[in-house]
Amino acid sequence: MCQLLGMNCNVPTDIVFSFTGFAHRGGRTDTHHDGWGIAFFEGSGVRHFVDHQAAIDSPIAELIKRYPIKSTNVIAHIRKATQGQVALENCHPFVRELWGRYWVFAHNGDLKDFAPSLHGPFRPVGNTDSELAFCWLMQELRNTFGDTPPAVADLRTALERLVPQVAAHGTFNMLLSDGTALFTHCSTKLCYIVRQYPFASACLSDEDLSVDFSQVTTPNDRVAIIVTEPLTNNETWTQFAPGELKVFVDGLPQ
């Protein structure tokens, strides 16, 4: 299946270190070679990069490894196709607009017999179960709250009702953000770490690379990294429980 990577911070931070290790799983240290993508929230905008090539072979992925784009919310994905052909339109993360804000979504898993009725403006462009699930979630959030953007706590309550309806059809590990918070759900495998003062060094599992975060941060910085499999071999990662939904705000799980 695919793998997910998310970042949520209290100050704009780059994801170069984590993405470097993550990208190696897209064809070098693992078999997720059917495309990849990443989205960065910056103010009201989103920088969105996708490629149907394996991350390890993609010139765009090389750009991301070397270009320190700073953001408070990032979602990345490497794909191992289960539904939908290898094509650009099937690469995660997917992006839609709701309440005058961009929403970004990525999914790891496989949904069976999932055929919800779509009756609004949210329609898939590609033919993955993932994009279909995203469109349905956007539709149902719009139906729940109408034209009024809800608070994070109300969004969480709504997702706690909606997400199990999708997860009932199979594996639904997912990341979802509107730039104010990062909503996460684990069906089978997801873990996270919060890096904050006092910062220490971290060593990647998939690449001979380490960084001393105490040299590149301030005492006020806080960064949460959410990923399918731990990215480092010298830090303690917290596993999600199956069926758990967590919301990250300012680098902390809520």
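Entry 1: I started with histidine 185 and looked across from it. Leucine 245 in E14 stands opposite. The model is predicted, so I keep to what its coordinates give. I then took the strands themselves. Strand E8 covers residues 182-185, and its pairing with E14 is antiparallel, over four bridges.

Next I checked the other partner of E14. Strand E15, residues 252-253, is joined to E14 by two bridges, and the two run antiparallel. I looked up one of the partners here: valine 249 is bridged to leucine 252 in E15.

Is E14 mostly covered or mostly open? I found it mostly covered. Strand E14 spans residues 245-249, and four of its five residues are buried.

Entry 2: I moved on to the hairpin of E14 and E15. Two residues lie between the strands, and aspartate 250 takes a positive phi near 55°. I noted that this positive value belongs to a residue other than glycine. Aspartate 250 sits in the loop between E14 and E15. I also checked its cover. Aspartate 250 has 39% relative accessibility and counts as partly exposed, because the partly exposed class runs from the 20% limit for buried to the 50% limit for exposed.

**Entry 3: the sheet that holds E14.** In what order do the six strands of this open sheet run? I read it as E5-E6-E7-E8-E14-E15, with antiparallel pairing. The edges are strand E5 (94-98) and E15. Each has a single partner strand, so one side of each is left without a neighbour in the sheet.

I then looked at the pairing of E7 and E8. Strand E7 covers residues 173-177, and four bridges join it to E8 in an antiparallel run. Serine 177 has leucine 182 in E8 as its bridge partner.

Two helices pack on this sheet. Helix H3 (residues 129-145) touches E5, strand E6 (101-108) and E7, and its direction makes about 15° with that of E5. Helix H4 (residues 152-167) touches E6, E7, E8 and E14. I took its angle against E14 and got about 145° between the directions.

**Entry 4: tryptophan 99.** Is tryptophan 99 buried or exposed? I found a relative accessible area of 13%. That is under the 20% limit, so tryptophan 99 counts as buried.

**Entry 5: cis peptide bonds.** I looked up two cis peptide bonds next. One joins histidine 92 and proline 93, with omega about -5°. Proline 93 lies in the loop between strand E4 (70-78) and E5. Another joins tyrosine 197 and proline 198, and omega is about -5° there. I placed proline 198 in the loop between strand E9 (191-196) and strand E10 (201-203).

**Entry 6: the seven-strand sheet.** I turned to another open sheet. Seven strands form it, in the order E3-E2-E4-E1-E12-E9-E13, and the pairing is antiparallel. Which strands stand at the edges? They are strand E3 (45-51) and strand E13 (238-239). Each has a single partner strand, so one side of each lacks a neighbour in the sheet.

I checked the pairing at E13. Two bridges join E9 to E13, and these strands run antiparallel. Tyrosine 192 has threonine 238 in E13 as its bridge partner. Helix H1 packs on this sheet. It touches E1, strand E2 (36-42), E4, E9 and E12, and its direction makes about 170° with that of E1.

**Entry 7: the largest pocket.** I finished with open space. The largest pocket holds about 350 Å³. Its lining has 19 residues, and the closest to the centre are Thr13, Asp14, Phe213, Val216 and Thr217. I asked which elements give two or more residues to the lining. They are strand E1 (3-14), helix H1 (16-24) and strand E12 (222-227). E1 gives the most, with five residues. By class I noted 12 nonpolar, three polar and four charged residues in the lining.

How values were computed:
Residues are numbered from 1 along each chain as its sequence is written. This is a predicted model: local features need pLDDT of at least 70, side-chain atom pairs count only at pLDDT 80 or more; totals for chains, interfaces and linings use all residues. Side-chain values use heavy atoms; hydrogens and water are left out. Buried means under 20% relative accessible area, exposed over 50%, partly exposed in between (1.4 Å probe, protein chains only). Two strands pair if DSSP finds at least two bridges between them. On a 1 Å grid over the protein atoms alone, a cavity is a set of points where a 1.4 Å probe fits but cannot get out, and a pocket is an open set with protein on both sides within 12 Å along at least five of seven lines; lining residues have an atom within 4 Å of a point. Grid points are joined across faces, edges and corners, and a volume is the space filled by probe spheres set on the points. Ala, Val, Leu, Ile, Met, Phe, Trp, Tyr, Cys and Pro count as nonpolar, Asp, Glu, Lys and Arg as charged, and the others, Gly among them, as polar. Contact means heavy atoms within 4.5 Å. Axes are lines fitted to C-alpha atoms, for helices over the stretch in contact, and angles run from 0 to 180 degrees between N-to-C directions.
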